[in-house]
Structure formats: C-alpha cells, structure tokens
Amino acid sequence: MWVRDAGEARRLAGYGISLGGGCAFGFLVFTSEANMAPLCDALTPVWLSAMLGAGAIAVVLAWLSPQKPLARLALAAGGGAMLAGAFAWGAPQCLGRLEQAPPELEVLWLSKVREAMPIWRHGFDTALETLTLPVAG
C-alpha cells in the first residue's frame with residue numbers, strides 16, 4: 001500500500017516496529033538455550049536477524065518515503081535485495097533445505113513426506129490447493 005500511496009508511510013513504520021519488536025519479544029520469551037544454534041527452521045538467531053532486518057528496512061523506507069511511486073517501489077526492491085543478500089551472506093547454510101538434513105535422510109525419509117516435498121512433486125490437485133491461498137493473498 002505504501003508503494004501506491006506515500007500517505008501509508010506511518011502504517012509501514014508501525015508495521016516495521018511491530019515486526020521487529022514483536023519478534024524480539026517472542027524470541028526472548030519463547031526460545032530456550034537449544035534455540036541459539038544457527039539453524040534455519042526454528043526460532044533461532046538466523047530467523048530473528050531476518051525479522052529484525054525486515055522491520056528495520058520497513059522503518060527506514062517509511063522515513064525516506066519519496067513522493068514518486070516508482071521511487072518507492074525501487075527503494076522497497078532494494079531493501080528486499082539487501083535483506084536477501086545479508087541473509088545469504090550471514091546464513092549460507094539456509095540456502096538449501098531448511099532442516100539441513102544429510103543426503104541419506106533425504107533419500108530414505110524426507111523424499112516421501114508430503115510436507116517436505118517441493119510443490120512440483122505433488123499432483124495437480126494438491127499443488128492447486130497449496131497455491132490457492134498465497135495467490136489469493
């Protein structure tokens with residue numbers, strides 16, 4: 001909404017503050033010492049750093065808030081690219097399978113678990129059902 005209407009800057013800033021603050025609070029309250037490992041599929045510092053970065057970028061975008069929609073779109077795309085680059089640099093282990101399973105586990109078990117399969121390995125009906133909600137959103 002902010003890309004279309006610069007008047008949404010305050011809402012974007014509120015979202016960024018809520019995202020960063022809420023995730024930090026949730027991390028402090030709900031994680032244990034076991035969650036301090038740099039894993040990718042749990043409430044870990046990897047996840048927290050991505051959420052804090054996204055919140056900070058949202059606040060900075062709202063603060064800059066240029067008048068032209070294309071400039072706002074370019075800034076948002078640049079912020080997303082920065083976040084993706086920082087994630088890839090800071091947590092390269094998360095660029096593959098999130099659970100970081102060894103190849104043997106992939107072959108013997110994960111390749112047979114529906115929730116762990118890529119969308120293209122499912123039949124048309126399941127793929128359609130899975131994609132409907134995100135597309136509608």
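This report describes the fold, the nonpolar core and several individual residues of a predicted protein model.

## Overall architecture

The protein contains five helices and zero strands. Read from the N terminus, its elements follow the order α-α-α-α-α.

The C-alpha atoms occupy a box of roughly 55 × 40 × 25 Å along the principal axes. The radius of gyration is 18 Å, whereas a compact globule of 137 residues would have a value near 14 Å. Among contacts between residues at least 6 apart in sequence, 55% join residues at least 24 apart.

## Surface and charge

Of the 137 residues in the protein, 24% count as buried.

The protein carries 9 positive and 10 negative side chains. The centres of these two sets lie 12 Å apart.

## The largest nonpolar core

In soluble globular proteins, nonpolar side chains tend to be buried together. In this model, the largest nonpolar core has eight residues: Trp 2, Ala 9, Leu 12, Ala 13, Ile 57, Ala 58, Leu 61 and Ala 62. Helix H1, residues 9-30, and helix H2, residues 45-64, each supply at least two residues of this core. The most are given by H2, which provides four.

When residues up to four places away in sequence are not counted, Leu 12 touches Trp 2, Ala 58, Leu 61 and Ala 62.

Ser 65 is placed in the loop between H2 and helix H3, the latter spanning residues 69-90. The phi angle of Ser 65 is near 35°, a positive value in a residue other than glycine. Ser 65 counts as buried because its relative accessibility is 14%, and the cut-off for buried is under 20%.

Asp 5 belongs to the segment before H1. Its relative accessibility is 35%, so Asp 5 counts as partly exposed. Although Asp 5 and Ser 65 are 60 residues apart in sequence, their C-alpha atoms are 9.7 Å apart in space.

## Ala 34 in the loop between H1 and H2

Ala 34 is found in the loop between H1 and H2. Is this residue buried or exposed? Ala 34 counts as exposed because its relative accessibility is 65%, and exposed residues are those over 50%.

The sequence separation between Ala 34 and Thr 44 is ten residues. From C-alpha to C-alpha, Ala 34 and Thr 44 are 8.8 Å apart in space.

## Glu 106 in helix H4

Glu 106 lies in helix H4, which covers residues 103-108. With a relative accessibility of 22%, Glu 106 therefore counts as partly exposed.

Which residues does Glu 106 contact, leaving aside its neighbours within four places in sequence? The contacts of Glu 106 are with Arg 97 and Ser 111. Glu 106 can also be compared in position with Ala 116: these residues are ten apart along the chain, and their C-alpha atoms are separated by 9.4 Å.

Methods: Residues numbered from 1 in each chain as written. Predicted model: local features only at pLDDT ≥ 70, side-chain atom pairs only at ≥ 80, totals over all residues. Heavy atoms only, no water. Core = buried A, V, L, I, M, F, W, Y, C linked by side-chain atoms within 4.5 Å. Buried < 20%, exposed > 50% of the residue type's maximum accessible area, 1.4 Å probe, protein only. Contact = heavy atoms within 4.5 Å. Rg over C-alpha atoms; globule rule 2.2 N^0.38 Å. Lys, Arg positive; Asp, Glu negative; His and termini not counted. Charge placed at Lys NZ, Arg CZ, Asp CG, Glu CD.
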